[in-house]
Amino acid sequence: MQIFKYERGKEDTVLNKAWWKEAVVYQIYPRSFMDSNGDGIGDLNGITEKLEYLKELGIDVIWLSPVYQSPNDDNGYDISDYQAIMEEFGTMEDYDRMLARAHELGIKIMMDLVVNHTSDEHAWFVESRKSVDNPYRDFYIWRKGKDGKEPNNWGSCFSGSAWKYDPQTDMYFLHLFSKKQPDLNWDNPKVRDRVFEMMNWWCEKGIDGFRMDVISLISKPEGLPDGIPGETGYADSGCANGPHVHEYLKEMNRKVLSHYDLITVGEASGVTLEEAKKYANADGSELNMVFQFEHTGGGPEADNHYGKWDSHKMPLPVWKKILSRWQTGLEGKAWNSLFLSNHDQPRSVAWFGNDSEQYREISAKMLGTCLHMMQGTPYVYQGEELGMTNIYFDKLEDYRDIESINYFKEFTESGLMTPEHMMKCLMLRSRDNARTPMQWDDTASAGFTTGTPWIKVGPDYETVNAKNEMADPDSVYNYYKKLIHLRKEKDIMVYGTYELLDPEDEALYVYTRTLGDQKLLVMCNFTKEEQEYTVPETFAGADVLISNYPQSGAAAGARKLRAYEAVVLETK
Ligand code: TEU
Ligand code: CA
């Protein structure tokens, strides 16, 4: 079992250095990454074919969205066998070949651990539903109905109730996500033991970490009380950061994580700053870091009627405040993950930038600068490095995502929204925007498949594709490559302290990083209008570390920032 020991510089306790703090992670959504056998579905051999591309980009770790056996009710986040590979993605031999090749290239593999729930086709659930005295009954959460209705008022994250009635034993089972994703009962020590056993099996195969799906939801509130709609969060279940979640993660750490040199990140839906200090505490007793989501939602005026579907965007000062609170709040106590994109979010250049013909590239580079210059481990989502943007499907039949389809049905059938309005929300917010095939080149289906892709390819693939951009020194790809390589050279990017400047500025996001007597000044214009800014004297004579525009002239004093201009100054 290859242990990646911390390599760069010397170990020291002051900065509490670690390889996973210096790494850049690249998320692969396998279904849409590369299809090697022409069935229109991405697969493991396709990933292996593209590992050199990722080596060239410079990333250190791949977060691999689930490749385990699954009926794909939620595209692999509904697992029916944790120790087998989904047929469409290939075989365990294909997996082993991909893992070995990645390690040959010095790339680590972080698996997606989905253990808040399984598929209803998992052997444990098939047994559990058979009878009330089945040995696997308490692997899941079964309850009698109340007055002929569901046991409580919890909703599913994919619309409707979080309970499904099962006539076989006249009881309901809990599913915070789809009806085919029954929640595991983590209060049952047998469940924990089987999960830890499976995790050790994967660690012994030589994987290098876990991204833990909705790990903040695994400990349910005692007695499963009714939630307060719109207040208790997570579809009113209030399951986030439950009573035993840290106890269970400490147990996982003792029995699995602490035995290997892993990178771990908890997808902590509903996490607060205080809770994050426990999940990702510096003493290493739980996880390395968490994904928080406060910066991904709608603005304060968002009408919570529609939850994530509200299309109000956050004003920049609100957004800066959230990100800065996490930067300074965890400093020295825990560690941040940094992301704007993933397989659940609309494309970042569409949501946070400007994906018009004129501004897509320049704003994608600006967003990359704003994020990668912060303190934390950056996550690049497949296609983000190309400036890929939303697909804007305007026909429901083009959508594939259960969440989008379910909510369209619920909101239009209940009359809450007109179909036209909900289509607009889907075009802006659907997860399918990020799940269209990776655009490799300008041949049919963007070089993703020789067959019919499982979901339509973006219409801009003839220009927005890896082949074009690798050859263009000014492409988004080559800009991301520079950002990623800078992080390997500059300790200040990894370990420098963060300070927000001009918090109320509604157009500019300006912050500094400080390490010893060295400073960076990061200036990002989030608008298409030219803005004025006065660079502090501290940066007189500073060098330009990176920018998405050609730079000349003095560093300090009054300056203009052009449309979506990003400039990073570095003191000598
Ligand atoms: O997502 C957790 C989650 O909260 C999702 O509801 C997500 O935030 C939402 O869809 C954003 O619109 C994880 C996985 O990332 C997601 O792909 C799965 O569907 C979900 O858990 C269930 O496993
Ligand atoms: Ca395939």
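User: Ser80, buried or exposed?
Analyst: Ser80 is buried in this predicted model. Its relative accessible area is 12%, and the cut-off for buried is under 20%.

User: Where does Ser80 sit?
Analyst: In a loop. Ser80 falls between β3 (68-69) and β4 (81-85).

User: And what is Ser80 in contact with?
Analyst: Leaving aside neighbours within four places in sequence, the partners of Ser80 are Gln69, Ser70, Pro71, Ser119, Glu121, His122 and Ala123.

User: Switching to the metal. Which residues are the protein donors of the calcium ion (ligand 2)?
Analyst: Asp35 (OD), Asn37 (OD1), Asp39 (OD), Ile41 (O) and Asp43 (OD). They lie 2.2 to 2.4 Å from the ion.

User: How are those donor residues spaced in sequence?
Analyst: The spacing for ligand 2 reads D-x1-N-x1-D-x1-I-x1-D.

User: Take Asp39. What does Asp39 count as for accessibility?
Analyst: Partly exposed, because Asp39 has 33% relative accessibility. This Asp39 is one of the calcium donors, through OD.

User: Now helices. At what angle do α12 and α13 cross?
Analyst: Roughly 155 degrees. Helix α12 spans residues 402-413 and helix α13 spans 419-429. Their axes come within 10 Å. That makes α12 roughly antiparallel to α13, since angles over 145 degrees count that way.

User: Which residues make the contact?
Analyst: From α12, Ser404, Tyr407, Phe408, Phe411 and Thr412. From α13, Pro419, Met422, Met423 and Leu426.

User: How many of the residues in the contact of α12 with α13 are nonpolar, polar or charged?
Analyst: Seven are nonpolar and two are polar. No charged residues take part in the α12 contact with α13.

User: Left-handed or right-handed crossing?
Analyst: Right-handed, for α12 passing α13.

User: What about α7? Which residues are buried there?
Analyst: Helix α7 covers residues 245-255. Its buried residues are Val245, His246, Tyr248, Leu249, Glu251, Met252 and Asn253.

User: Backbone next. What is the phi of Asp147?
Analyst: Positive, about 50 degrees, although Asp147 is not a glycine. Most residues other than glycine have a negative phi. Asp147 is placed in the loop between β6 (142-143) and β7 (163-166). With 75% relative accessibility, Asp147 is exposed.

User: And the phi of Tyr392?
Analyst: About 55 degrees, positive as well, and Tyr392 is not a glycine either. Tyr392 is found in the loop between β13 (377-381) and α12. Tyr392 counts as partly exposed, at 31% relative accessibility.

User: Leu561, where is its place?
Analyst: In strand β19, residues 557-561. Leu561 is buried, with a relative accessible area of 0%.

User: Which residues does Leu561 touch?
Analyst: Not counting residues up to four places away in sequence, Leu561 touches Leu508, Met523, Asn525, Glu529, Glu530, Gln531, Tyr533 and Val567.

User: What separation do the C-alpha atoms of Leu561 and Val67 have?
Analyst: 44 Å. Along the chain, Leu561 and Val67 are 494 residues apart.

User: Last one. Lys321, buried or exposed?
Analyst: Exposed, at 63% relative accessibility for Lys321; the cut-off is over 50%. Lys321 belongs to helix α9 (residues 316-330).

Note on methods:
Residues are numbered from 1 along each chain as its sequence is written. Chains are lettered from A and ligands numbered from 1 in the order in which they are written. This is a predicted model: local features need pLDDT of at least 70, side-chain atom pairs count only at pLDDT 80 or more; totals for chains, interfaces and linings use all residues. Side-chain values use heavy atoms; hydrogens and water are left out. Axes are lines fitted to C-alpha atoms, for helices over the stretch in contact, and angles run from 0 to 180 degrees between N-to-C directions. Helices (H or I, at least four residues) and strands (E, at least two) are DSSP runs, numbered from the N terminus. Angles under 35 degrees count as roughly parallel, over 145 as roughly antiparallel, 65 to 115 as roughly perpendicular and the rest as oblique. A crossing is left-handed if the near helix is turned anticlockwise from the far one by less than a right angle, and right-handed if clockwise. Contact means heavy atoms within 4.5 Å. Ala, Val, Leu, Ile, Met, Phe, Trp, Tyr, Cys and Pro count as nonpolar, Asp, Glu, Lys and Arg as charged, and the others, Gly among them, as polar. Donors are N, O and S atoms within 2.8 Å of the metal (3.2 Å for Na, K and Ca); water is not among the atoms, so sites may look incomplete. Buried means under 20% relative accessible area, exposed over 50%, partly exposed in between (1.4 Å probe, protein chains only).
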